[in-house]
Amino acid sequence: MNVVPSAAAKFFCPMCPGVESDKPGDCPTCGMALERNPSYVSPARTVYTCPMHPEVRQEGPGDCSKCGMPLEPIQISDDDTDDEAELKLLLRKLWIGAALALPVFVSAMAMMVPGLSSGGEMPAWRRWGEFILATPVIFWTGDFIWRRAWNSVRHRSANMYTLLGLGIGTAYVFSIAALLAPGFFPHEMQHGGQAGLYFESAAIITVLAVFGEYLQERARRRTGRAVRALLDLAPRTARRVRDDREEDAPLDQIQVGDLLRVRPGEKVPLDGVIIEGASNIDESMLTGEPIPAEKSAGDRVIGATVNQTGGFVMRAEKVGADTLLAQIVQMVAQAQRSRAPIQALADRVSSYFVPAVIICAVATFAAWMIWGPSPNLSYAITNAVAVLIIACPCALGLATPMSIMVGIGRGAQLGILIRDAAALQRAEKVTHVVTDKTGTLTEGRPVLSGLHADAAIGEEKLLSWAAALEAGSEHPLARAVVNAADKRALRKPVVEAFSSVTGAGVTGRIDGQHVRAGKRSWLEKEGVTIKPEFDAASEHLLSQGGTVIWLSIEQVVAGVLALSDKIKPSTADAISRLHQMGLKVVMLTGDHATTAKAVAKVLSIDDVRAQLTPEDKLRIIEEHRQTGAVIAMAGDGINDAPALAAADVGIAMGTGTDVAIESAAITLVKGDLRGIASALALSRATMKNIRQNLFFAFVYNAAGIPIAAGILYPLTGWLLSPMFAGAAMALSSVSVISNALRLRRVQP
C-alpha cells in the first residue's frame with residue numbers, strides 16, 4: 001500500500017476489476033467511465049531526498065550533491081523490493097571485490113614476509129596480475145566512490161568521498177606509472193630495480209569502503225522495520241457493499257463513503273464509523289492495550305486493527321494517505337530524515353575539515369620530501385595517501401543521522417511518534433511537564449458520582465429532568481447525565497423551546513415550566529434564587545474531585561449533580577516517574593478550582609491552575625518559558641492546540657483530536673501518560689548516543705591524522721600503511737553504526 005499520493009494518476013473501472021489506464025476514458029469491457037485512483041503513486045515520480053541535507057530533492061534515486069550519501073524516498077511503501085535489490089548488489093560487490101582484492105593483498109605482503117620474498121624483483125606476471133585484479137575492484141566494486149567524488153568536485157562541495165577518491169586515485173595512478181614506466185622513478189624509490197606498487201592498498205581500501213556502505217545500508221533498513229511492520233498489517237482488499245451486492249475490492253479502489261462489511265477474524269480495512277452491528281476489536285497494534293475494545297454503531301474504527309467476535313458494516317471515512325496508519329508511517333519516515341540542531345556542529349566542522357585535510361596531506365608530502373629518509377618520494381606519497389584515507393569523515397557524517405534514525409524508529413516501536421529530530425533534541429532539556437486534566441490525567445469519560453435534590457422534587461425527578469434537558473447537548477458532561485438516567489431506566493419528559501448558551505448551560509420548558517441546567521454563575525446572573533444548602537452540597541461534591549451541574553426550575557434551584565472523571569490507572573505511576581527524572585509537573589485545566597486541587601492532591605502534582613481558557617494556558621506557558629523553563633505540554637483537545645504549539649515540546653495523546661496531534665511534536669499512540677516519561681527518557685538516551693558518536697569521530701580523526709602523517713616515525717620508526725589507514729577508517733564508521741544500533745534495545 002503506497003501511502004502518499006503522487007501527481008501522477010491511474011484510472012480504473014469500478015465494475016470490471018483489473019481494467020486500468022493511464023488516461024481517463026471509458027471501460028473497454030462495460031463502457032462505463034473510468035474513475036481516478038486517488039491512492040496510485042507513480043514510481044517514476046517518487047521524490048528522493050538526503051537525510052543529512054533535506055533541501056536536496058530530486059525525482060528518482062541518486063546521490064546527494066553535498067555529502068554524497070544515497071538519497072532516500074520521501075514516500076514510504078510496503079514494497080521494499082528496490083531496497084532489497086540495492087542491499088543484495090552491495091553484498092555481491094563486497095564478496096566479489098574481496099575475492100579479487102585478497103590475491104593482490106597476498107602478493108604484496110609476500111614481498112615483506114621472510115621466506116616468501118625472493119629478495120629481488122617481483123616477477124612481471126605478478127605485477128600485471130595485481131593490476132588486472134585490482135582494476136575491477138576499484139572501478140566496478142567502488143564505482144559509487146568515483147561517482148560521488150566527481151559530484152563533490154562538480155558541485156564544489158568537498159566531502160568524505162572527495163578524500164576517498166583522492167586517496168585511492170593517488171595510490172592507483174602511482175602504481176600504474178610504476179608498472180608502465182619503472183625507469184621514470186629515481187633510484188632511491190626502487191627496490192630491486194622496481195618502483196613499489198600500491199594496488200593492494202587501493203583495492204583493500206575500496207573493499208573496506210564498500211563494507212562500510214553495506215553496513216550503513218543494512219542499518220538504515222533495520223531502522224525502518226517497525227514502520228514496514230505497521231504497513232504489513234494493512235489488509236490488501238476490503239469487502240465493499242454496493243447496491244445490495246458484496247464484492248472484494250482492492251484497497252486503493254475504496255472511496256470515502258463506501259460501505260464495507262467486516263467479518264469476524266478479519267482486519268478492519270480503513271478508518272471509518274460502524275453503521276450496523278457490533279463487535280470487539282483488538283487495537284493492540286496501535287494502543288498496546290491487550291483487552292479488545294467494545295464497538296457498536298456510531299463508534300469509530302481504525303484500519304489494520306483486528307475484528308474479533310462479531311461482524312459489522314462500516315462507512316469508510318479516511319482512505320489512502322489520510323488513514324491513521326498511513327499518517328503514522330509518514331510521520332516516522334519524515335522524522336527519521338529530519339536533522340537535529342546538533343547536526344549543524346558536524347556540518348560546520350566538515351565544511352572546514354575536508355580542505356584542512358587536503359592541506360595536511362600536501363604538508364605531509366612536502367615534509368617527507370624535504371626531511372624524510374631515502375627513498376623520500378616513496379615515503380612522501382605513502383604518508384600523504386594515508387592522511388587522505390584515514391581522515392575520511394565517514395564517522396562524522398554518520399554520527400547524528402544514524403542515532404536519529406534508530407532513536408525515532410525505536411520510538412515508533414514503543415508507540416511514541418516523534419515529528420522531527422529537533423523535537424527529539426529539545427525534549428532532552430525539558431524541565432517542566434505541563435498537562436491538561438480531562439482526557440490526559442483522567443479517562444475523559446465522566447460519570448455521575450453524586451447528586452443533591454430539593455426535598456420537594458426528589459432525586460429521580462431531578463435526574464430525569466436534567467437528562468431530558470441535556471439530551472439536546474453534545475457536551476461530554478451532558479452525555480454522562482443522560483447515561484446515568486438511562487441506567488436507572490428513568491422516563492425523560494419532553495423538552496420544548498430548547499436552547500444552548502455557549503459556555504454557560506442549556507435551557508428549555510418541561511411541563512410548562514422554565515428549566516435551566518449549567519453553571520452556578522449563569523443561574524445567578526439569570527436571577528435564580530440559590531439556597532445555602534446547595535452551596536454547601538456543591539462544595540462537598542467538588543472536594544471529592546467532581547464537576548457540578550446546577551439545575552433550576554423557574555427561578556429556584558432544584559438541585560445539583562456531580563460528575564467525576566476517573567483518573568487513569570497509569571497516571572499516578574507516570575507522575576512518579578516524571579518526579580524521579582527531576583521534572584516539575586504542572587496541571588492547567590478549565591475545570592473548577594476545587595475539583596482541580598482535589599485531583600492534584602491525589603497525584604502529588606507540583607502546581608495547579610484551574611478555570612482557564614485556551615488563552616490562559618498559552619499565557620502561563622509563555623510565563624514559564626520567560627523564567628528559563630523548558631516546557632513539555634501534554635494535551636488531547638482542540639482547546640489544547642495553542643498551548644501545544646507554543647510549548648518547547650508539544651505532546652499529544654493519540655486518543656485526542658486531529659488538531660491536537662497536528663499541533664504537537666510528539667504523539668503518544670497509546671494515550672498513556674507514562675509515555676511522556678518514556679519519550680523524554682528516549683530523547684536523553686538518543687542525545688547521549690549522538691554525543692558519544694561525535695566524540696568517537698572527532699577523537700578518531702584528531703589522533704589518526706598525525707599518526708598517518710608519520711609523527712611517530714622519529715621515535716618508533718613506525719608508519720601507517722594506506723591499507724591499514726583504510727581499515728581504521730572503516731572501523732570508525734562501524735563503531736558509530738554499532739553504537740547507534742544500541743538504541744534499538746533502549747527500554748525507557
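## Helix packing and selected residues in a predicted model

The axes of helix α16 (residues 532–543) and helix α18 (residues 593–603) come within 8 Å of each other, crossing at roughly 30°. That crossing makes α16 roughly parallel to α18, since angles under 35 degrees count as roughly parallel, over 145 as roughly antiparallel, 65 to 115 as roughly perpendicular and the rest as oblique. This is a predicted model, in which local features need pLDDT of at least 70 and side-chain atom pairs count only at pLDDT 80 or more, while totals for chains, interfaces and linings use all residues. Residues are numbered from 1 along each chain as its sequence is written, and side-chain values use heavy atoms, with hydrogens and water left out.

- Glu539, Leu542 and Ser543 of α16 meet Thr594, Thr595 and Ala598 of α18, where contact means heavy atoms within 4.5 Å.
- Helix α2 (residues 124–141) packs against α3 at an angle of about 55°, with the two axes 4 Å apart.
- That angle makes α2 oblique to α3.
- On the α2 side, Ile138, Phe139, Trp140 and Thr141 meet Asp143, Phe144 and Trp146 of α3.
- Axes here are lines fitted to C-alpha atoms, for helices over the stretch in contact, and angles run from 0 to 180 degrees between N-to-C directions.

**A closer look at α3**

- Helix α3 (residues 143–154) has 12 residues and spans 17 Å from its first C-alpha to its last, close to the 16 Å expected at 1.5 Å a residue; the expected span is 1.5 Å times one less than the number of residues.
- Phe144, Ile145, Arg148, Ala149, Asn151 and Ser152 are buried in α3 (buried is under 20% relative accessible area, exposed over 50%, partly exposed in between, with a 1.4 Å probe and protein chains only).
- After α3 comes Arg156, with a positive phi near 55°.

**Helix α22**

- With 36 residues, helix α22 (residues 674–709) reaches 53 Å from its first C-alpha to its last, close to the 52 Å expected at 1.5 Å a residue.
- Gly710 follows α22 and has a positive phi, near 100°.
- Helices (H or I, at least four residues) and strands (E, at least two) are DSSP runs, numbered from the N terminus.

**Residues in loops**

- Thr305 sits in the loop between β15 (300–301) and β16 (306–307), and counts as buried because its relative accessibility is 1%.
- The Thr305 side chain reaches the backbone oxygen of Ile302 at 2.6 Å.
- Ala489, in the loop between α14 (476–487) and β21, has a positive phi near 55° without being a glycine, and is exposed at a relative accessible area of 66%.
- Glu554 also has a positive phi, of about 60°, although it is not a glycine; Glu554 lies between β24 (546–553) and β25 (556–564) and is partly exposed at 34%.

- Ser499 belongs to strand β21 (residues 496–501) and counts as partly exposed at 33% relative accessibility.
- Leaving aside neighbours within four places in sequence, Ser499 is in contact with Val506 and Thr507.
- Arg218 of helix α5 (residues 199–223) lies 7.1 Å from Leu87, C-alpha to C-alpha, although they are 131 residues apart in sequence.

How values were computed:
Polar contact = N/O pair within 3.5 Å; in protein donor to acceptor, adjacent residues only side chain to side chain.
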